Amino acid sequence: MSLGFLDRDRSIAPAGYSRWLVPPAALAIHLSIGQVYSFSVFKNPLLALHGADGSAWNLKAVGYIFSIAIAFLGISAALFGAWLEKAGPRKAMFFAALCFSIGFFVASAGATTHNLALIYLGYGVIGGIGLGLGYISPVSTLIKWFPDRPGLATGLAIMGFGGGAMIGGPLANQLMAHFKAAGQPSIPYTFITMGAIYFVFMMFGVFTIRVPAKDWKPEGWTAPVRQSALISKHNVAVAQAWKTPQFMLLWIILFTNVTAGIGILEQAAPMIQDLFKGVISPTAAVGFVGLLSIFNMAGRFIWASCSDLLGRKVTYFVFFTLGAVLYFFLPLTRLDHLNSVTLFVLISAVVISMYGGGFATIPAYLKDLFGGYNVSAIHGRLLTAWSTAGIVGPLIVNGILDHYVANKLPKQDAYPLILHIMSGLLVVGFIANLFVKPVSEKYWLKDSETLTPVGAAH
C-alpha cells in the first residue's frame with residue numbers, strides 16, 4: 001500500500017478552506033491518546049492479577065506503566081519534533097495511531113501471560129511513542145491557522161488530550177465488566193478492543209487534517225504593531241532555543257506544574273476512595289476520574305484562551321499562586337477532618353483545570369519567546385519536562401504510599417505529605433516564571449535564514 005497520501009503536499013488546504021474544520025482533526029487524535037489519563041482505572045484490576053505461581057504486582061511496579069508511557073511521550077516528541085515539521089502533521093498522526101494501537105495489543109499479551117515487561121514495552125514504550133507523535137502533531141498546524149489567537153489555537157489543539165479520560169475511563173470500565181461477565185479475560189480483551197477502536201478514530205484525524213498554504217493569513221488580519229516585550233517579532237531555531245535561559249526556565253515551569261497535577265491524576269480513583277473510605281464506591285471513583293477529565297479538557301481551552309488577554313506570564317502566576325494554596329488545603333477535606341467530598345472534588349477540579357491550562361498555554365509561551373519558525377521542534381524538546389514529571393510525580397506518590405502500607409500506617413495519612421510536596425513544587429515554578437525575560441538578540445535568526453521556514457507548506 002502506498003503511503004503517498006501522507007505527504008505534506010497532499011494535505012495543503014485549497015483556497016477558501018475554513019480553518020474551523022481543522023480543530024476536529026486535532027481532537028480526534030488527542031481524545032484518543034488522552035486515554036492515558038484514565039490509566040488509574042486499570043491499577044486495581046492489574047494489582048488483582050496473579051501469575052501461574054500465584055505472584056502479584058505491587059503498586060509501584062504497576063505505577064511504572066504510566067510513568068514509562070509519559071517518559072516516552074516526551075522522548076519521542078523531542079526526537080521527532082524537527083522531523084514532524086518537515087514530514088507534516090498527517091504522516092506524524094498516522095504513525096501515532098499505529099504505535100498507540102500496537103501498544104495496546106502488546107500490553108494485552110503481557111496481561112495474558114502475567115508479564116509486566118511486555119506491558120511496559122507495549123503500553124509504556126510503543127504506546128508512549130504514539131503519545132508523543134500524536135501530542136505535538138496538531139500544535140504547530142493550529143498555530144499556523146490561528147496566528148491572531150495562538151493561545152486559543154493551542155487550547156484547541158491540546159484540550160482533547162485532557163478530555164481523553166472522560167471517554168477512556170468509562171469505556172475501559174464497561175469493557176472490563178462486559179468481558180468479566182462473559183467469563184473472558186477482562187484486561188487483555190479490553191486492551192485489544194480499545195486498541196482497535198482508537199486506531200479507527202485516530203485515522204479520522206489523519207484523513208481530515210490540513211495545513212495552510214504558504215503565506216496564508218486570516219482574512220483582514222495584520223500582525224499588531226504594539227505588543228508585550230515578551231512577544232518577539234524574531235525567530236529562534238531549535239538548535240539555539242534549547243540553550244537559552246528562557247528554555248530552561250520554561251522547562252522548570254512545565255515540570256513543576258505537571259508533577260503536581262500528575263500526582264492527582266495518576267492516583268485519582270484510589271485516592272478519593274482512600275480519603276473517603278466506605279463513602280466512595282469504585283463506580284463513583286471512575287466518575288471522579290471522568291469529572292477531572294472534563295475540567296482538564298476545559299482548562300486547556302479556557303486558560304489558554306485567557307492567556308491571549310492576560311499574557312502567558314500572568315497566566316502562569318495564577319496557576320502557581322492559587323495552585324499552591326489549593327494543594328496545601330486539599331488534604332484537610334478528607335473524612336477525618338472536614339469530611340467534605342464536595343469540597344475535595346471542587347478543589348481537585350480547579351487544580352486540574354490549571355494543570356491542563358499549563359499544557360495548553362506553554363506552546364503559545366514558546367511562540368511568544370522564540371517565534372513560530374521551529375515551534376513544534378522546540379515544543380517537542382520542552383516536553384522532556386513532562387517525561388521527567390511523569391516519572392517523578394508517580395514515584396513520589398507511589399513511593400510514599402508503599403512506605404505507609406509497608407509500615408502498616410493508615411494509607412489516607414500519606415496524602416497530606418504528598419499534596420504538601422506538590423504545593424512546594426508550585427512555589428519553585430512561581431520563582432522560575434518570575435525570571436522569564438525576552439530572548440537575547442544573539443539567539444535570533446537573521447531574516448535571510450527564515451525565508452523558507454522548516455515545515456512551511458510549499
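**Figure 1. Ile68 is partly exposed in this predicted model.** Ile68 belongs to helix H3. Apart from residues up to four places away in sequence, Ile68 touches Tyr120, Gly124 and Val125. A second residue, Asn296, gives a sense of distance: Ile68 and Asn296 are 228 residues apart along the chain, and their C-alpha atoms are separated by 21 Å.

**Figure 2. Thr361 is a buried residue of the model.** The residue sits in helix H14, which covers residues 341-370. Thr361 counts as buried because its relative accessibility is 0%. Neighbours within four places in sequence left aside, the residues in contact with Thr361 are Trp303, Ala304, Ser307, Arg312, Thr315, Tyr316 and Phe319. Between Thr361 and Lys91 lie 25 Å from C-alpha to C-alpha, with a separation of 270 residues in sequence.

**Figure 3. The protein is divided into two parts, domain 1 and domain 2.** Domain 1 takes in residues 4-214, and domain 2 takes in residues 238-443. Taken over C-alpha atoms, the centres of domain 1 and domain 2 are 20 Å from each other. On the domain 1 side 48 residues are in contact with domain 2, and they meet 48 residues of domain 2. Between them, domain 1 and domain 2 bury about 3,800 Å². Carbon and sulfur atoms account for 67% of that buried area.

**Figure 4. Arg149 and Asp308 form a salt bridge.** The closest N and O atoms of Arg149 and Asp308 are 3.9 Å apart. Across the interface of domain 1 and domain 2, one salt bridge is found. Polar contact across this interface is found for 19 residue pairs.

**Figure 5. Several helices supply the side of domain 1 that touches domain 2.** The elements giving two or more residues to this side are helix H2 (40-47), helix H3 (59-87), helix H5 (116-136), helix H6 (139-145) and helix H7 (150-181). H7 provides the largest share, with 18 residues. By residue type, the side of domain 1 that touches domain 2 has 27 nonpolar, 17 polar and four charged residues. Helix H3, one of the elements named here, is also the helix in which Ile68 is found.

Notes. Residues are numbered from 1 along each chain as its sequence is written. This is a predicted model: local features need pLDDT of at least 70, side-chain atom pairs count only at pLDDT 80 or more; totals for chains, interfaces and linings use all residues. Side-chain values use heavy atoms; hydrogens and water are left out. Domain bounds come from an automatic or database domain assignment. Contact means heavy atoms within 4.5 Å. Buried area is the accessible area (1.4 Å probe) that two parts lose on being put together, summed over both. A salt bridge is a side-chain nitrogen of Lys or Arg within 4 Å of a carboxyl oxygen of Asp or Glu. A polar contact is a pair of N or O atoms within 3.5 Å; within protein, one must be able to donate a hydrogen and the other to accept it, and residues adjacent in sequence count only if both atoms are side-chain atoms. Helices (H or I, at least four residues) and strands (E, at least two) are DSSP runs, numbered from the N terminus. Ala, Val, Leu, Ile, Met, Phe, Trp, Tyr, Cys and Pro count as nonpolar, Asp, Glu, Lys and Arg as charged, and the others, Gly among them, as polar. Buried means under 20% relative accessible area, exposed over 50%, partly exposed in between (1.4 Å probe, protein chains only).
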